[in-house]
Structures are given as structure tokens and as C-alpha cells.
Amino acid sequence: MAVKYVKSSPARSASFKSHVEKVKLDTHGLLNLDVETRWNSTYLMLDTVVKFEKVFSRMYIDDHKYFNYCLELSGTAGHPSSEDWQNVKAFLNVDSILTNMAKKMKLKFDKYWADFENMNMLLFVVVVLDPRYKIKYVKFLFSKFYSSLEGKGKSTKVMDTLSRLYSHYKDSISGASNENIRDQTSASQTDTMHNCDVWQSQWEKFLEDENNIGNTSELEKYLMDDVEKNKDLNDLAGWKASSERYPVISMITRDVLAIPTSTVASKSAFSTGGWILDCYRSSLSTKIVEALVCCQQWLRSSSKECKLQDLLEEIQKLEMVEKEYPDTALSIDLFGA
């Protein structure tokens with residue numbers, strides 16, 4: 001905020017330069033203001049401002065406007081304290097603790113995001129399966145961060161992954177349908193259907209397949225359709241409504257969206273159970289543990305006021321699940337309550 005004060009007007013910048021001359025600071029550098037859209041701008045700002053520590057201290061004493069400005073920001077971000085300056089110097093210099101911490105963070109980041117070729121393409125497929133974005137948004141992102149040739153290649157890889165998924169699901173559905181047809185045909189042959197009827201049905205099926213060749217696939221139709229303008233669209237509800245129009249893609253979406261993007265959720269669920277059931281409370285029944293975990297989840301899941309009727313309906317659903325699947329009820333509640 002101190003840098004923001006100096007950079008906010010020409011008069012304040014002139015006052016700052018006069019205080020630089022008063023403390024006889026031998027530097028020709030200028031202050032840099034932090035830019036939120038640039039990841040390295042904070043470091044550049046701190047790298048320049050640390051040279052003017054004495055200047056800001058002198059301004060705090062001599063410049064009543066700067067003094068009043070700092071008082072107005074009291075409690076949030078006023079004049080930099082001695083501790084603030086120490087933190088800045090530690091951040092800019094080679095501090096072993098910060099260096100080791102940054103290296104570990106960089107390794108974790110590189111594991112998932114450094115090499116595009118090793119990234120999980122499902123992260124991008126999920127975006128394509130969102131009717132509000134589709135492949136157009138993926139291409140838009142790649143155009144912002146890569147050259148035109150690189151972006152095109154990466155978009156092609158995402159589409160290849162989605163196409164292979166689509167082919168796999170389509171073949172699975174076709175295989176299941178053909179199996180049903182064969183079963184029905186076999187049963188009919190043993191009853192009243194004559195060989196000519198079987199031949200005729202197979203001929204009609206062949207004509208149907210021939211007519212479908214060359215038509216636009218379901219995936220192509222989905223990608224050519226306009227993006228959804230409703231920014232508050234519920235993906236699962238939207239795909240449920242579109243399941244008849246896009247039966248194969250809706251199945252892909254249902255399975256892909258069920259994949260957790262992180263292991264944190266499952267670990268957190270088991271950790272929550274461990275906090276409740278410890279060595280001092282080991283006699284709690286599974287029913288009580290289940291109730292405690294679910295209540296905690298309900299209270300933390302939303303900032304809205306809990307409605308008693310909604311909770312009662314949820315409890316009834318859980319009891320029905322427990323009666324039908326008594327061995328799995330607790331695990332279901334841990335992950336889905």
C-alpha cells in the first residue's frame with residue numbers, strides 16, 4: 001500500500017523523490033507497482049521497494065499526508081513495520097527455509113502441470129463436455145498460452161482422446177444391442193419365426209447401418225451446436241435432459257464427471273472419521289459415527305441456514321440405503337452425504 005500511495009499521483013511521486021534526496025540515497029531505480037495479472041510483478045515490486053526503506057521511514061515522519069494515509073489504513077495495511085521489511089529481505093535473499101519450501105511446491109506443480117504430454121487429457125475433456133465451453137474454449141485457452149502451431153497440436157490431442165472415448169462407448173452400446181438382437185433372434189428361431197423372417201430382419205438392419213454411414217456423428221453434432229449461454233447451468237441436470245439427444249456422450253459425461261480430480265476428498269473423509277473415533281471414544285457404534293460425520297458435513301457444506309425438513313428427508317434416504325445395503329451404508333455416507 002505504501003508503493004500504491006507513491007504511484008497514485010505525480011505530486012506524491014515528486015514528494016517521494018524529494019525524500020530520496022534528503023536521505024542521500026544513491027539509487028536511480030524507480031518503484032514498481034504490483035500487477036495482479038503478472039505472476040512475477042510482486043517480486044519485482046519488492047526488489048525495488050526494499051532499496052527505499054529509509055525513504056519511507058523518513059516520509060512517515062516528515063510527510064503528514066503519508067502519515068494520515070497510513071493511519072487510515074491502520075489495522076489492515078499501513079506503513080511497513082520493521083518485521084515487514086525483514087520478511088521482504090528474507091523473501092528476496094536466498095533463505096534456506098523458503099528455498100526448500102519453494103522447491104517442494106515446484107516439484108508438486110511439475111508433477112501435474114509441467115509437461116503437457118504427461119498431463120491427464122481428461123482434465124481437458126471435462127471442459128469440452130461442459131455445454132458452456134466445449135472444444136472452442138480449450139482452443140481459446142491454448143491460443144493464449146501457446147503459439148498457433150503448438151495450440152493446434154494440443155487441441156488435436158484433446159480431440160483424439162475424446163474421439164477414442166466416444167468410439168469405445170459407442171462400440172460398447174452397439175455390442176450390447178447386437179447381443180440383445182442375437183438373443184432375441186435365437187429365441188424366435190426356436191419358436192415361430194421362420195428363416196425368411198430372420199433373413200428379412202437382418203437385411204433391414206443392414207440397410208439401416210448403410211444409411212447411417214456418412215451421416216454426422218453424435219460427437220460432431222454436439223461440438224457443432226452453439227455453446228450454452230446459461231452460466232449457472234447444472235452440468236449433470238443439463239446432461240440428464242440431453243440424454244435422448246446425445247445418449248453416448250451423456251454416458252461419457254456421467255462417468256468422467258464422477259472421477260475425483262484429487263485424492264484430498266477421500267483422505268479428508270477418512271480423517272474426519274478418525275477424529276471422531278479415537279482411543280477415548282472407541283466404543284461409539286457405527287450408527288453414531290455415521291450420524292456425527294453426516295451432521296458435520298451438512299453444517300459445513302453450505303452457508304445457508306439448514307432446513308429441518310430437508311435434513312429429515314436426507315435421513316430417511318440414508319436409512320433406506322442402510323436397510324437395502326447394510327454393509328456399505330457407512331462408506332456411501334462418508335463420500336456422498
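Modeller: The axes of helix α4 (residues 53-62) and helix α5 (residues 64-72) cross at roughly 95° and come within 6 Å. Axes here are lines fitted to C-alpha atoms, for helices over the stretch in contact, with angles from 0 to 180 degrees between N-to-C directions. Helices are DSSP runs of H or I, at least four residues, numbered from the N terminus.

This is a predicted model: local features need pLDDT of at least 70, side-chain atom pairs count only at pLDDT 80 or more, and totals for chains, interfaces and linings use all residues. Residues are numbered from 1 along each chain as its sequence is written, and side-chain values use heavy atoms, leaving out hydrogens and water.

Now the contact itself (heavy atoms within 4.5 Å). From α4 come F56, M59, Y60 and D62; from α5 come H64, Y66, F67 and C70. Six of the residues in this contact are nonpolar, one is polar and one is charged. Nonpolar covers Ala, Val, Leu, Ile, Met, Phe, Trp, Tyr, Cys and Pro; charged covers Asp, Glu, Lys and Arg; the others, Gly among them, are polar.

Next, K134. It sits in helix α9 (residues 134-145). K134 counts as buried, at 3% relative accessibility (buried is under 20% relative accessible area, exposed over 50%, partly exposed in between; 1.4 Å probe, protein chains only).

Last, A90, in helix α6 (residues 82-92). A90 is partly exposed at 26% relative accessibility. Not counting residues up to four places away in sequence, A90 touches D95 and L98.

Conventions: Helices (H or I, at least four residues) and strands (E, at least two) are DSSP runs, numbered from the N terminus.
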